[in-house]
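Reader: I am new to this structure and would like a close look at one part of the chain. Please take a single residue and describe what lies around it.

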Amino acid sequence: MKKSQLGFIVVAATMLLAGCSEPTVTATPVKNVDTVSVTSPDDIDVFCPTGICTFELSTTAPTKVTVTMHYDYTKLYTKIEGVSVVGEGAKDAKVVDEDQFTVELTKKNTPVKIEVIDFYRN
């Protein structure tokens, strides 16, 4: 094998490995959020004591995240009434149960504003 072919293979392998790294998701509180915890690239816990809150999400690569909503460390949301997604960096959010929803972050480094409302809010 020629050196140029070997060099091309090494460069291609390096590019493939770099492309396989996990995305990094960043969450930023905006309104009525006590704490946001990114537990993994696809799981986020949001603590909102009022039942109505707004936060931003962004990612380094497209990914689908599951967000779990909490009033505090002892009480989860009872029934998510609605989730609004504002921004071009995500697809519509889908409520999956009383306290969780999923959202696909589609554009890297593009903040998306999310508002969540619990039906039985304080």
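Author: Contact here means heavy atoms within 4.5 Å. Leaving aside its neighbours within four places in sequence, Leu 57 is in contact with a list of residues that includes Val 25, Ala 27, Ile 44, Val 67, Val 103, Val 112 and Ile 114. The model is predicted, so local features need pLDDT of at least 70 and side-chain atom pairs pLDDT 80 or more, while totals for chains, interfaces and linings use all residues. Residues are numbered from 1 along each chain as its sequence is written, and side-chain values use heavy atoms, without hydrogens and water.

Leu 57 also belongs to the largest nonpolar core, a set of 22 residues. Such a core consists of buried Ala, Val, Leu, Ile, Met, Phe, Trp, Tyr and Cys residues joined through side-chain atoms within 4.5 Å; buried means under 20% relative accessible area, exposed over 50% and partly exposed in between, with a 1.4 Å probe and protein chains only. Phe 55, Leu 57, Val 67, Met 69 and Phe 101 have the most contacts inside this core. Among the strands that each supply at least two of its residues are strand 4 (52-59) and strand 5 (63-70). Strands are DSSP runs (E, at least two residues), numbered from the N terminus.

An open sheet of four strands has the order 1-4-9-6, with antiparallel pairing; two strands pair if DSSP finds at least two bridges between them. Strand 1 (25-31) and strand 6 (80-86) each have a single partner strand, so one side of each lacks a neighbour in the sheet. Six bridges join strand 6 to strand 9 (residues 112-118), and Val 85 has Ile 114 as its bridge partner in strand 9.
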